[in-house]
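Welcome! Here is a guided walk through a structure that may be new to you.

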Amino acid sequence: MASRVNTSFTLIPNQKCKQRTNHQPSYFCNTPDLDPQLLSTLGNFKVLPLEIFHIILRYLSVKDIGMLSMVSKTVSQHIINYISTSSGSRRLLIQNFHNLDLSGTKEETRLLDHYRALGLLFKRCTLLLPTKDRLKYIHKILSEVSCFKFSGCSAPLQCVGLPCYGMFLQTLTAGWDELECHRVYNYLCELTNLSRKMQTVVCNKPGSSRKLELRIRLFCRNVLLDHWTQRSDSAFWLTRILKPWPMVNQARLLYIIFGPTAPQDGQVIWQEMVEGPTDESSLKGLANAIKLLYDTSTKEWTADDVISLVDELSVVPREWLLENNARLLILSGNNICFTFMASKAVNGRAIELARLIVFLALVCEKELYCMDWTVRMMQKVCKVFSTAAERKSFLQSVANAFACVTMEMLQPIMSGERDDDDRGFLNLFHLLHAQANFHKEVLYLTMNASSS
């Protein structure tokens, strides 16, 4: 590109610049704060008026401008100045975030790619600045975009502004050390008053601040969590969100950010886990978040911390149906499921554990999972009990639990309390099949052990 520029301006006389008047264009070579050594870093651009340099930048992609910014500190400074101009900000801060089909269209992908490249450009241009100054400069530029603000968009569910902002921040901070990322999170909390807003929703009755709950969910997911490719990075930012709070508030926040939402307005459905059996899609987000904290081996989360969080989550906003609790444990994976059950065994909660086994079997039957998994999980938990008498008592509790849960499901049917969709009858049907298949697997296991 430099050779093309040089050819285009061969007729410019090689002479000293004259004193400019107010109506004359400004030239790099007569900028008073640049000494000759800095001018030399501009290369062939030093003969260009600043306005021409800005015109050239308009024809470059954001990615190419980012590459150009690495040529020298002086060029980088002139690019920063260009970004601060009205024409530069209009060109770089694309704001057509609405009226898109938000299902991964080409236009949405193009916007995300643009802000990924813009994040890289800002990362390179501000490379030599302290973190605090970098953040202040970036905020000054991005503050023009209302859809990047916590409550700046009037139609957040139809807007890709926050996802673009999140992509920008992810690219900007990728590779930064934890201390710098701590500063970024604290800075964002100061700008958005995020901690105070979180305090409002975790201290109030669930659902009493629905719009604020939605804003917190969208900001945390779209800006802080969803764009990371490394699980350790996602765990870092989720930890920043949760750890300042007591365990009961951590569970509430986890439900707000990852729990089920209504398709029409995106608001959190607080009664989903309490009123009836739910499906996998309603629990998948919560299960993935729990696995993220458990599997990444971050020093800020012990296994006991995660299990306590799962236990606390199962009573948000009130005690869940045990079937939903069992489904969450299955989705969370073998390690978390076993650790949760072993914790109950150690703490003398064998009857609760026996009922949980029943509903694990029920979920496996409904979802056509292998019933052998439930039996082997029970066998593994049995080894946690220290004596043969405790193990025998636990197995008796499992048998009793199957009988009790069957009677609980049968009773409303016998009294004539029929659902419009016969859900209660269908649930009993699945339970009886689950019990039969469970005991079949127990017999297989016993016979195989005897023959060996």
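First, some ground rules. This is a predicted model, in which local features need pLDDT of at least 70 and side-chain atom pairs count only at pLDDT 80 or more, while totals for chains, interfaces and linings use all residues. Residues are numbered from 1 along each chain as its sequence is written, and side-chain values use heavy atoms, with hydrogens and water left out.

**The core**

Let us begin with the largest nonpolar core, which has 136 residues. Such a core is a set of buried Ala, Val, Leu, Ile, Met, Phe, Trp, Tyr and Cys residues joined through side-chain atoms within 4.5 Å. Ile79, Phe97, Leu286 and Phe394 touch the most other members. Helix 20 (residues 350-367) gives the most to this core, with 12 residues. Helices here are DSSP runs (H or I, at least four residues), numbered from the N terminus. Leu286 has contacts, meaning heavy atoms within 4.5 Å, with Leu254, Tyr255, Phe258, Gly259, Met273, Leu313, Trp320 and Leu328, not counting residues up to four places away in sequence.

**The cavities**

How many cavities of 30 Å³ or more does a search of the whole structure find? The search finds three. A cavity is a set of points on a 1 Å grid over the protein atoms alone where a 1.4 Å probe fits but cannot get out, and lining residues have an atom within 4 Å of a point. A volume is the space filled by probe spheres set on the points, which are joined across faces, edges and corners.

In the table, Ala, Val, Leu, Ile, Met, Phe, Trp, Tyr, Cys and Pro count as nonpolar, Asp, Glu, Lys and Arg as charged, and the others, Gly among them, as polar.

| Cavity | Volume | Lining residues by kind |
|---|---|---|
| Largest cavity | about 80 Å³ | eight nonpolar, four polar, one charged |
| Second largest cavity | about 70 Å³ | seven nonpolar, one polar, two charged |

Helix 9 and helix 12 each give two or more residues to the lining of the second largest cavity. Among the residues that line this second cavity are Cys147, Cys153, Cys159, Arg215 and Asn222.

The largest cavity is lined by 13 residues, with Leu169, Gln170, Val223, Leu224 and Trp228 nearest its centre. Helix 9 (161-173), helix 10 (178-192) and helix 12 (210-225) each supply at least two residues of that lining, and helix 9 gives the most, with four.

Is Arg327 buried or exposed? Arg327, in helix 18 (residues 322-332), counts as buried because its relative accessibility is 4%; buried means under 20% relative accessible area, exposed over 50%, and partly exposed in between (1.4 Å probe, protein chains only). The Arg327 side chain reaches the backbone oxygen of Thr278 at 3.2 Å. Beyond four places in sequence, Arg327 touches residues including Asp279, Glu280 and Glu367.

Arg124 lies in helix 7 (residues 106-125) and is partly exposed, with a relative accessible area of 23%. From C-alpha to C-alpha, Arg124 and Leu172 are 8.8 Å apart, though 48 residues separate them in sequence. Not counting residues up to four places away in sequence, Arg124 touches Lys63, Gly66, Met67, Ser69, Met70 and Ser76.

Finally, Ser397 sits in helix 22 (residues 388-414). Ser397 counts as buried, at 17% relative accessibility, and touches Ile351 and Ala354, leaving aside residues up to four places away in sequence.

How values were computed. Polar contact = N/O pair within 3.5 Å; in protein donor to acceptor, adjacent residues only side chain to side chain. 1 Å grid on protein atoms, 1.4 Å probe; cavity = no way out; pocket = protein on both sides within 12 Å on 5 of 7 lines; lining within 4 Å.
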